[in-house]
Amino acid sequence: MAVKKQSKKHSEKVKYWSSDLTGRMRVYAQEVNYKKNGKPASFLKFSTSIGIKNEEGEWDNFYFNVRFMKGDAPEADGGMNFEIDIAKAFLTFETFTTKDDEEVKTPVIVVQEWADPDNDNDIPF
């Protein structure tokens, strides 16, 4: 079996296809309400989607959760959708268990650096 030799130049950390996402993305904000210690509380849940037209001409969508670095989430209202320019992000997944004890894995895009495409002073790349 042949072994490919690597030069010292390429001895950096391996970057997998899912670890280097950039570009423009539409993000949807949804307000999630819950009770904490008996008091009403809420947080914003962010998501995005990709879609394809089916044979009937209707759109089938697949949704991804979107996470921002702590303290760097966009200011948005629940029900709002907006675009961001991603300078650095990666794709991963999270696992949760349903009420029926079924384990579900769902994709997540973690945005590490982003800018508002409407603000010329905010472009990080």
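Is Arg67 buried, exposed or partly exposed, and what is its relative accessible area? In this predicted model, Arg67 is partly exposed, with a relative accessible area of 32%.

**View 1. The chain as a whole is built from strands.** The chain has five strands and zero helices, and reading along the sequence gives the pattern β-β-β-β-β. Of the 125 residues in the chain, 22% are buried, and the structure holds four salt bridges.

**View 2. Glu94 and Arg67 meet in a salt bridge.** The side chains of Glu94 and Arg67 come together at 2.8 Å, N to O, and this pair links distant parts of the chain, with Glu94 in strand S4 and Arg67 in strand S3, 27 residues apart. Glu94 is partly exposed, with a relative accessible area of 26%.

**View 3. Arg24, Arg26, Glu83 and Asp85 are linked in a network of salt bridges.** Side chains of opposite charge can pair when their charged atoms come close. Asp85 forms a salt bridge with Arg24, in which the closest N and O atoms are 2.8 Å apart; the two residues lie in strand S4 and strand S1 (residues 21–36), respectively, 61 residues apart. Asp85 counts as buried because its relative accessibility is 11%, under the 20% limit, whereas Arg24, at 53%, counts as exposed. Arg26 forms a salt bridge with Glu83, the closest N and O atoms being 3.3 Å apart, so this pair ties together parts of strands S1 and S4 that are 57 residues apart in sequence.

**View 4. Glu55, Glu56, Glu58 and Asp60 form a negative surface patch.** Glu58 sits in the loop between strand S2 (39–53) and strand S3 (59–68), and Glu58 is exposed, with a relative accessible area of 52%.

Key. Residues are numbered from 1 along each chain as its sequence is written. This is a predicted model: local features need pLDDT of at least 70, side-chain atom pairs count only at pLDDT 80 or more; totals for chains, interfaces and linings use all residues. Side-chain values use heavy atoms; hydrogens and water are left out. Patches are made of residues with over 30% relative accessible area and no salt bridge: like charges are joined within 9 Å, nonpolar side chains (Val, Leu, Ile, Met, Phe, Trp, Tyr) within 5 Å. Accessible areas come from the Shrake-Rupley method with a 1.4 Å probe; for residues, only the protein chains shown count as cover. Lys and Arg count as positive and Asp and Glu as negative; His and the chain ends are not counted. The place of a charge is taken as NZ of Lys, CZ of Arg, CG of Asp or CD of Glu. Helices (H or I, at least four residues) and strands (E, at least two) are DSSP runs, numbered from the N terminus. Buried means under 20% relative accessible area, exposed over 50%, partly exposed in between (1.4 Å probe, protein chains only).
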